[in-house]
Amino acid sequence: MKLHYYPGCTLKQKTTALDISTREAMRRLDVELVEPEGWTCCGAEYPLTEEKIVGLAAPIRTLRQVREEGGDVVVTTCSFCYSVLKRANKAIQDDPLKHKRVNAYLRDDIQIDPLTKERTTDFADYNGEVKVLHLLEYLRDTVGYPKIRERITRDFRGLPVAAYYGCRLLRPQKEMAFDEPDSPHVFEDFLEAVGCAAVDYPFKQECCGSYLSVSLPDAATEASYRVLRSAKMNGAKAITVTCPLCFYNMDHRQEAIKAAYLDFSGLPVLFFTQILAWALGVDKELLGLGEHTVPAAALFSERPSTEVRS
Amino acid sequence: MTAPLSAKNKEKRIGLFVCHCGVNISSVVDVEKVAQVLKDYPGVTFSTDYVYMCSDPGQQMIIDTIKEKHLDGIIVAACSPTLHEKTFQEAARLAGLNPYQIEIANIREQDSWVHTDKEKATKKAIKIVKSHVAKARQNENLDPIKVDVTRRALVIGGGVSGLQAAMDIADHGYEVILVEKNPSIGGKMIQLSETFPTLDCSQCILTPKMVEVSRHPRIKLLTYHEVESVSGFVGNFKVRIRKKPRYVDETLCNLCGECEKVCPQIVPDEFNQGLSFRKAIYMPFPQAIPGTFTLDAEHCLGLNPVRCGKCKDVCDKKAIDYDMKETIVEEEVGAIVVATGFDLYTMQALGEYGGEKYLDVVNGLEFERILSASGPTGGEVRRPSDGKVPKSIVFVQCCGSRDTEKHMPYCSKICCMYTAKHAMMYRHKVPDGQAIVFYIDVRAGGKSFDEFYMRAVEEDKVLYIRGKVSKIFKEGDKLIVWGVDTLTGKKVEVEADMVVLAMAMVKADGVQDLLKKLKIATDIHGFLAEAHPKLRPVESLNAGFYLAGCAHGPKDIPETVAQASAAAAKVGDLFAQKELIHEPTVVPVNDELCSGCGICITMCPYSARTLDPERGVVVVNEILCEGCGACAAACPSGAAQQRNQTDNQIFSMLRAMLRE
């Protein structure tokens, strides 16, 4: 079956591992991912600032395109894209002013031919019809964990893995309505479904440092260190993320973390889709492990499952 | 009571009295003009104005004029009828006029208070008064409906409020039936260690009351019973009460405790908030009343001598009977005091505090048990996970209270004080321990409350940090508490051995079905609603029901006891009456017009209307009818006509008002 998939810019540039592993994993689950034609950057955080209605045009243009292509669902893996698309969509549904003005921008942009200045095509307002789902949400609700268990061909044999939610996936709860932000379990349930043992640790929803990586690198180093340390202290052999920025702060920054905090000896950082893809039998070479600063390949040891999971 | 049609045609002699209400009305409405214009209006015999109609001279003027001018209909143009209708009805009665011939034309709330243009407001006042003239011309003499009172009360709930209410009513000389669903009376208060602000032992002050109630000749104590249904109306309720089988004959049980020793089933102990264990056959606590063992069938191996039967074998008194069955007790009562208590908000709802995950994060009631001499640790402060004496405890206030965004918007009222008490008691028992309280602001508004709180701060060196806690998690052996100190604006990280959460007080979960069956009004949080927030604080909107204790909202012990006594006094008021008077402005059914469609039955909020299946018409219990008029508005055939508010009267009012 076909499913609209919004990769977002980072997945096409710095973090292709997340993109590749997502595609490979979903292919194994009989889902063909289709990108909406002409998708653009979601706008990162900017569309969500209260006063800039024009910023919403970017995510809404993409969502409208999904609708025009006959899609009613779009999935994304990047936490930031997920947050922006879902909240922009909700803003269009709830706020008549934003609905009116964003559609006005889009109407002019889509209808008016830049050369002739004439209105060319039909335009129907976008009213928030497309449902924005995170891939974890899609796996939980649409594919279902039983089906994933059925398809698994490789066994992690209870590898202790920490699920890291970060800031964007769950909050604000009223808008994301994804999982309970103070005691979430969707990510853990996913890890258990693919044969890992989910490690419970208190820092799973704390900030990784986010964009402070640019302006105050030391603060990001400290924030990521606290998360990694807590996961490791509770027995994790790896930490999984959904967000390219979390990945950057925890993986690419890990040398700096080790230099600043001598008690920390390193922890591989994985995308959840890499775990899923490998468990479903995707070749290790297709997981994009070359992008990792902290070597992670050893975690994917080629041992076929001895027992058939049900 | 319905007068023949011809009587209506006789022209009435109507008197109009227009009130100035000081300047409340007269500053916006030209009251003299109103009286003047209406003087010649058809049907009006007499018309005047006066500065305060409700004053003694004002009332006297009405009485004198009725007698002098032989008036048989009165209109007082003044404030809302909710304020002085009774006053003027009484005046009419004194003058020998039927009180239901009084009409109140509201020209204050509905006119002078909401308008500024004198000319238009005066015009409106004239229209309002004219409409009431039209209505008054058709008003009939009505007699109040009278009904007998059963002078016995039912008290639901055996906590401190129920006990106090039961005892007071019994002391007034009336019989009381006290129903408690648990095996023993005592409620939440019996679980508390000490009480603020005096630090006297809760059990020591409550157990004498419990004994007194159980021995009172006029109190019938029904523990391990639940109210099944209530029917009837104020003064005449019929109550069905379900007796749950205890499987132990309380008259035979001599508390030897042999059964408990042999019982193989171990169950978390509710009395100790699950911090210790009991057997399936148990006594909730040593001073339980009635003093008897109770067999908890849910956890018993099966009430079957083949499967276990150990307790029955060792019982010398032959008190244990596996064949006991549920029975229904029926009682008739005149008033019902609802004292069903509260619950604590579940710690699960505040996932960030880890109350569900970490054994050493406890709620206030659990900490009461830890402090209590009769508790699981014998009164020593030891933490649940490993029994160590905690060297530091963080107390978090407002857990789920005062949070409009996610939890309860209201203040749970008692937490500031019991947290001060907890911290103080902990410092007394563990002198080298550190007590830290996170608070939003300390609300110590009660007699000797602020002094008590200051004692905790100054004498017992409890550290108060103003700010909320964002997260509690475990690192190694310690709990880490993240919070903010809003006085310095800094984030705070505190290590603690134990955390006590002052969870919000919420509606009691176990009684919601019962409250639905009672059809008793509740507020948006599920607490019982009082009839008037200031002037009728212990009565329910539903006649005959009275409120006591935390079922009505969070409150401390002194306030609970005061409210229970007040409810009992109100029950006394009711029982002191020879017969109950009910407003006659009810909505009867005209049998000839009624088609038995039953629409009015579905409209009636008081269950006053039922279908007579034989005659195919609706019959009305006039005692239950509150005269709201919902049925009259809904009735498609005009068979339901409210007395002195008939369709004819309403149309006449409209005509009078709309005619220029």
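1. A crossing of two helices counts as right-handed if the near helix is turned clockwise from the far one by less than a right angle. In this model, which is predicted, helix 3 of chain A passes helix 5 of chain A in such a right-handed crossing.

2. Two packed helices are described by the angle between their axes and by the distance between those axes. For helix 3 (residues 57-68) and helix 5 (residues 96-111) of chain A, the packing angle is about 70° and the axes are 10 Å apart. Since angles of 65 to 115 degrees count as roughly perpendicular, helix 3 of chain A and helix 5 of chain A are therefore described as roughly perpendicular to each other.

3. As to the residues that form this packing, helix 3 of chain A contributes A:Ala57, A:Ile60, A:Arg61 and A:Arg64, which meet A:Val102, A:Tyr105 and A:Leu106 of helix 5 of chain A. Sorted by class, the contact between helix 3 and helix 5 of chain A holds five nonpolar and two charged residues, with no polar ones.

4. Between the chains, the contact draws four residues from chain A and four residues from chain B. On the side of chain B that touches chain A, the residues comprise two charged, one polar and one nonpolar.

5. Chain B is divided into domain 1 (5-143), domain 2 (152-238 + 335-341 + 508-576), domain 3 (245-325), domain 4 (345-504) and domain 5 (586-642). Taking the C-alpha centres of domain 1 and domain 4 of chain B, one finds them 62 Å apart.

6. Chain B also has an open sheet of four strands, paired in parallel and ordered 2-1-3-4. The edges are held by strand 2 (44-50) and strand 4 (102-106) of chain B, each of which has a single partner strand, so that one side of each is left without a neighbour in the sheet. Neighbouring strands of the sheet are turned against each other by 15° on average, with direction ignored.

7. Within that sheet, strand 1 (residues 14-19) of chain B runs parallel to strand 2 of chain B and is joined to it by six bridges. One pairing to look at is that of B:Cys19, whose bridge partner in strand 2 of chain B is B:Tyr50.

8. Helix 2 (residues 31-38) of chain B lies across strand 1, strand 2 and strand 3 (73-78) of chain B, and runs at about 170° to strand 2 of chain B. Helix 3 (residues 56-69) of chain B packs on the sheet as well, where it touches strand 1, strand 2 and strand 3 of chain B, and its direction makes about 160° with that of strand 2 of chain B.

Terms used:
Residues are numbered from 1 along each chain as its sequence is written. Chains are lettered from A and ligands numbered from 1 in the order in which they are written. This is a predicted model: local features need pLDDT of at least 70, side-chain atom pairs count only at pLDDT 80 or more; totals for chains, interfaces and linings use all residues. Two residues are in contact if their C-beta atoms, placed from the backbone, lie within 7 Å. Ala, Val, Leu, Ile, Met, Phe, Trp, Tyr, Cys and Pro count as nonpolar, Asp, Glu, Lys and Arg as charged, and the others, Gly among them, as polar. Axes are lines fitted to C-alpha atoms, for helices over the stretch in contact, and angles run from 0 to 180 degrees between N-to-C directions. Helices (H or I, at least four residues) and strands (E, at least two) are DSSP runs, numbered from the N terminus. Angles under 35 degrees count as roughly parallel, over 145 as roughly antiparallel, 65 to 115 as roughly perpendicular and the rest as oblique. Domain bounds come from an automatic or database domain assignment. Two strands pair if DSSP finds at least two bridges between them.
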